[in-house]
Amino acid sequence: MKILYYDCFAGISGDMNLGALVDLGVDREYLVGELQKLKVGGYEIRFSEQQRKGITGTQAEVILEHDHDHDHHDHLHGHKHGHDHHHEHEHNHAHDHEHDDEGGYLHLHHDREHEHTHDDGSAHTHRHRHHDHEHHEHRNLRDIEKIIRESELSDKVKEMSMKIFSLVAQAEAKIHGKALEDVHFHEVGAVDSIVDIVGAAVCIDYLKPDRIIASPVEMGGGFVNCAHGVFPVPAPATLEIMKGKPMKLGAVPFEMATPTGVAILAALADEFTETLAFTVTRTAYGIGRRDTEIPNVLRVCLGDTTESEPSEKTVDAVILKCNIDDMNPEQYGYVMEQLFAAGADDVFLQTVMMKKSRPAVLVSALCPPDKVSDIEHVLFTETTTLGVRYHQVRKTVLDRRADVIDTPWGQVRIKKAYYQGKKLRTKPEYDDCAAIARKHGISIEKVYEYIRRRIISADSDDAS
């Protein structure tokens, strides 16, 4: 097994992750080329070798076009005060990287001082404050999904990217008391965070680890200036995303982990642990922007193990249930969509008979323990139920792996299930088969039959 290990002793951010994975061996030109498949422009990625406390690594910076523009204001100002004067411009570009609890770091403002010396020797200073939020587009989750889905990135990269974005969206919806579709991102919807998140997916797809493991994440300490006020570290969005995940506090009096950084781990890591049961073959470092008492770096390792990954594992889960006898049946489809969006692993409906012989629907949702409050919120706000009951269960799940096969009509995703180390079954993704049938005017059975023959042929090749 090929292991990718995140050692987050100094936290994690989106740009630190990009720097670390490039330092680990991801080809820079490949990464930039893949990101160009997004219909997003106005930025440049810079990689440079930097040091923190004697540790050398790679720093990644996403430079936006308006940042370039600010470097050239010394000759673009034409102030007229009715008399001649000379301009001696002193530009103080104070990029205050303060945490924005809606997804990462926000360039709050640029302060620009212009000292004007007049013919009579007098001088005065103009100080201008420009808020960068004017430069950032506000996008909701649907806008971001459209950008990703319409790109030519691989299906796996698209899936990983949307999984990360969805985690941030769910955290913001929970914190601000909004429906998922009503959350509008500022920094997460901006170009630099799209690059950080989709870039992370591109790098993981390039390295193709069999398993991703992360250490407990150092969050830092103190307070942080957010868009909605001064909050303690961890900031609300970061803490919401890290629910159920191990973390540490107080190594330095600064914020060490951003929502984008922890969302990458929460979405992609298979396990959080400090126990290393593999042989490290390569180590790399992503350099952070702040120089703190401890090395502000993200350490990542590649390793391998001769132990085969277990084909099944037992995990904790929770089932939430409620009986409903007074809701419009047309609304159940929407409720199911919202439950899945909130983190349910499975949702099912059953017809039941309640008191006074009233027909009703039993709604059941299966979810991880850390998603109980989110599922409960959907049931109370999107249905007419007055109460929700739940109980903990243990479930054994098979190892499932995704792949893509080519057909004469386009690509189809397939799922493979393994039991006791052997492939048990393979099935195509229904949505892909249905889309092909509609587009090409053929029966869905024809698509399924073609894929079945391909799967049987592939299994025969593997056996030989």
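I began at a strand pair: Ile-324 stands opposite Val-361 in strand 21. Strand 19 and strand 21 run antiparallel and share 7 bridges. I call two strands paired if DSSP finds at least two bridges between them. Strands (E, at least two residues) and helices (H or I, at least four) are DSSP runs, numbered from the N terminus.

Ground rules first. I am reading a predicted model, in which local features need pLDDT of at least 70 and side-chain atom pairs count only at pLDDT 80 or more, while totals for chains, interfaces and linings use all residues. Residues are numbered from 1 along each chain as its sequence is written, and side-chain values use heavy atoms, with hydrogens and water left out.

**Entry: confidence**

I checked pLDDT, the predictor's confidence in each residue, from 0 to 100. The protein chain has a mean pLDDT of 80, and 80% of its residues reach 70 or more. Over residues 68–136, pLDDT stays under 50. The model still has 160 contacts beyond four places in sequence for that stretch; contact means heavy atoms within 4.5 Å. Where pLDDT is low, predicted coordinates should not be read in detail. I moved on.

I traced an open sheet of 6 strands, in the order 20-21-19-22-23-24, with antiparallel pairing. Strand 20 (346–353) and strand 24 (422–428) are its edges; each has a single partner strand, so one side of each is left without a neighbour in the sheet. On average, neighbouring strands are turned by 40 degrees against each other, direction ignored.

I then went through more of the pairs. Strand 19 (312–324) is joined to strand 22 by 10 bridges, antiparallel. Here Lys-321 has Arg-389 in strand 22 as its bridge partner. Strand 23 (residues 410–419) and strand 24 also run antiparallel, joined by 6 bridges. Ile-414 stands opposite Pro-428 in strand 24.

Which helix lies across strand 19, strand 20 and strand 21? I found helix 9 (residues 332–341) there, running at about 145 degrees to strand 20. Angles run from 0 to 180 degrees between N-to-C directions, with axes fitted to C-alpha atoms, for helices over the stretch in contact. Helix 10 (residues 372–382) packs on the sheet as well. Helix 10 touches strand 19, strand 21 and strand 22 (389–407), and its direction makes about 20 degrees with that of strand 19.

**Entry: helix 6 on helix 8**

I looked at helix 6 (residues 191–207) against helix 8 (residues 259–268). They pack at about 35 degrees, with their axes 11 Å apart. From helix 6, Ser-193, Asp-196, Ile-197, Ala-200 and Ile-204 meet Thr-260, Ile-264 and Leu-268 of helix 8. I sorted the residues of this contact into 5 nonpolar, 2 polar and 1 charged. In this scheme Ala, Val, Leu, Ile, Met, Phe, Trp, Tyr, Cys and Pro count as nonpolar, Asp, Glu, Lys and Arg as charged, and the others, Gly among them, as polar.

**Entry: burial**

Is helix 1 mostly buried or exposed? I found 10 of its 11 residues buried, so helix 1 is largely enclosed by the rest of the structure. Buried means under 20% relative accessible area, exposed over 50%, partly exposed in between (1.4 Å probe, protein chains only). Met-16, Leu-18, Leu-21 and Leu-24 are among the buried ones. Just after helix 1, Gly-25 takes a positive phi of about 135 degrees.

In helix 11 (residues 430–440), Asp-432, Cys-433, Ala-434, Ile-436 and Ala-437 are buried.

Most residues other than glycine have a negative phi, and most peptide bonds are trans. I looked for departures. Lys-53, between strand 2 (43–52) and strand 3 (55–64), has a positive phi near 55 degrees. Lys-53 is partly exposed at 48% relative accessibility. Ser-357, in the loop between strand 20 and strand 21, has a positive phi near 60 degrees. At 59%, Ser-357 counts as exposed.

Which two residues does a cis peptide bond join? I found Val-233 and Pro-234, with omega about 0 degrees. Pro-234 sits in the loop between strand 14 (229–232) and helix 7 (236–241).

Last, Ala-251, in the loop between strand 15 (247–248) and helix 8. Ala-251 is partly exposed at 38%. Beyond four places in sequence, Ala-251 contacts Glu-218 and Ile-294. Ala-251 and Glu-218 are 33 residues apart in sequence and 7.2 Å apart, C-alpha to C-alpha.
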